[in-house]
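Reader: I am new to this structure and would like to go through it slowly, asking at each step what a word stands for. Could you show it to me before we begin?

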Amino acid sequence: MRRYIGLDVHRDYCYAHLLEAGQGEGRRLRFPNTAEGWADFVAQLGPEDAVALEVSSGAFRFTISWPTGPGKWWWWTPG
């Protein structure tokens with residue numbers, strides 16, 4: 001089942017909000033903004049998952065070690 005995931009990246013932690021297709025409620029995850037934290041998060045992604053990443057200063061660490069995992073990724077820069 002397709003999941004839609006929005007990421008909010010901070011200096012020390014990342015927050016993800018997951019919505020599954022057809023579900024009204026989502027769930028929130030928190031993981032450390034470290035190489036290990038990102039590796040664990042990306043390992044949970046499936047080929048149908050769609051991820052939107054908020055692009056601000058907190059995302060720089062992520063872009064340096066861009067994961068090559070499955071799914072589709074969108075970048076969003078807050079106005």
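Author: Let us begin with Asn 33, which lies in the loop between strand S3, residues 27–32, and helix H1. Helices (H or I, at least four residues) and strands (E, at least two) are DSSP runs, numbered from the N terminus. This is a predicted model, in which local features need pLDDT of at least 70 and side-chain atom pairs count only at pLDDT 80 or more, while totals for chains, interfaces and linings use all residues. Residues are numbered from 1 along each chain as its sequence is written, and side-chain values use heavy atoms, with hydrogens and water left out.

Reader: Is Asn 33 buried or exposed, and how do you know that?

Author: Asn 33 has a relative accessible area of 1%. Buried means under 20%, exposed over 50%, and partly exposed in between (1.4 Å probe, protein chains only). With its 1%, Asn 33 therefore counts as buried.

Reader: What does the side chain of Asn 33 reach, and with which side chain does it make a polar contact?

Author: It reaches the backbone oxygen of Arg 11 at 3.5 Å, and it also makes a polar contact of 2.8 Å with the side chain of Trp 38. The term stands for a pair of N or O atoms within 3.5 Å, one able to donate a hydrogen and the other to accept it; residues adjacent in sequence count only if both atoms are side-chain atoms.

Reader: Which residues of H1 are buried, and why are they said to line one face of the helix?

Author: In H1, residues 35–43, the buried residues are Gly 37, Trp 38, Phe 41 and Val 42. Seen down the axis of H1, they fall within an arc of 125°, taken from the directions from the axis to the C-beta atoms, so they line one face of the helix. On the other side of H1, Ala 35, Glu 36, Asp 40 and Ala 43 are exposed. An α-helix has 3.6 residues a turn, so residues three or four places apart point the same way.

Reader: What makes S1 and S2 a pair of strands, and which way do they run?

Author: Two strands pair if DSSP finds at least two bridges between them, and seven bridges join strand S1, residues 3–9, to S2, with the two strands running antiparallel. They form a hairpin with three residues between them, and Ile 5 stands opposite Leu 18 in S2.

Reader: How many bridges join S2 to S3?

Author: Six bridges join strand S2, residues 13–20, to S3, and these two run antiparallel as well. Across this pairing, His 17 has Arg 28 in S3 as its bridge partner, while Tyr 15 stands opposite Arg 30 in S3. S2 and S3 form a hairpin with six residues between them, and in its turn Gly 22 has a positive phi of about 85°.

Reader: Why is Ala 21 called partly exposed?

Author: Ala 21, which is found in the loop between S2 and S3, has a relative accessible area of 32%, so it is called partly exposed. Ala 21 and Met 1 are 20 residues apart in sequence, whereas their C-alpha atoms are 6.7 Å apart in space.

Reader: Arg 3 carries a charged side chain, so what makes you call Arg 3 buried?

Author: Arg 3, found in strand S1, has a relative accessible area of 14% and is therefore buried. A polar atom of its side chain lies 2.9 Å from the backbone oxygen of Gln 44, and a polar contact of 2.7 Å joins the side chains of Arg 3 and Asp 49.

Reader: Where is Val 51, and is it buried or exposed?

Author: The place of Val 51 is in strand S4, residues 50–54, and with a relative accessible area of 1% this residue counts as buried. Val 51 and Ile 5 are 46 residues apart along the chain, yet their C-alpha atoms are separated by 4.7 Å.

Reader: How many helices and strands does the protein have, and in what order do they run?

Author: The protein has two helices and five strands, and from the N terminus on the elements run β-β-β-α-β-α-β.
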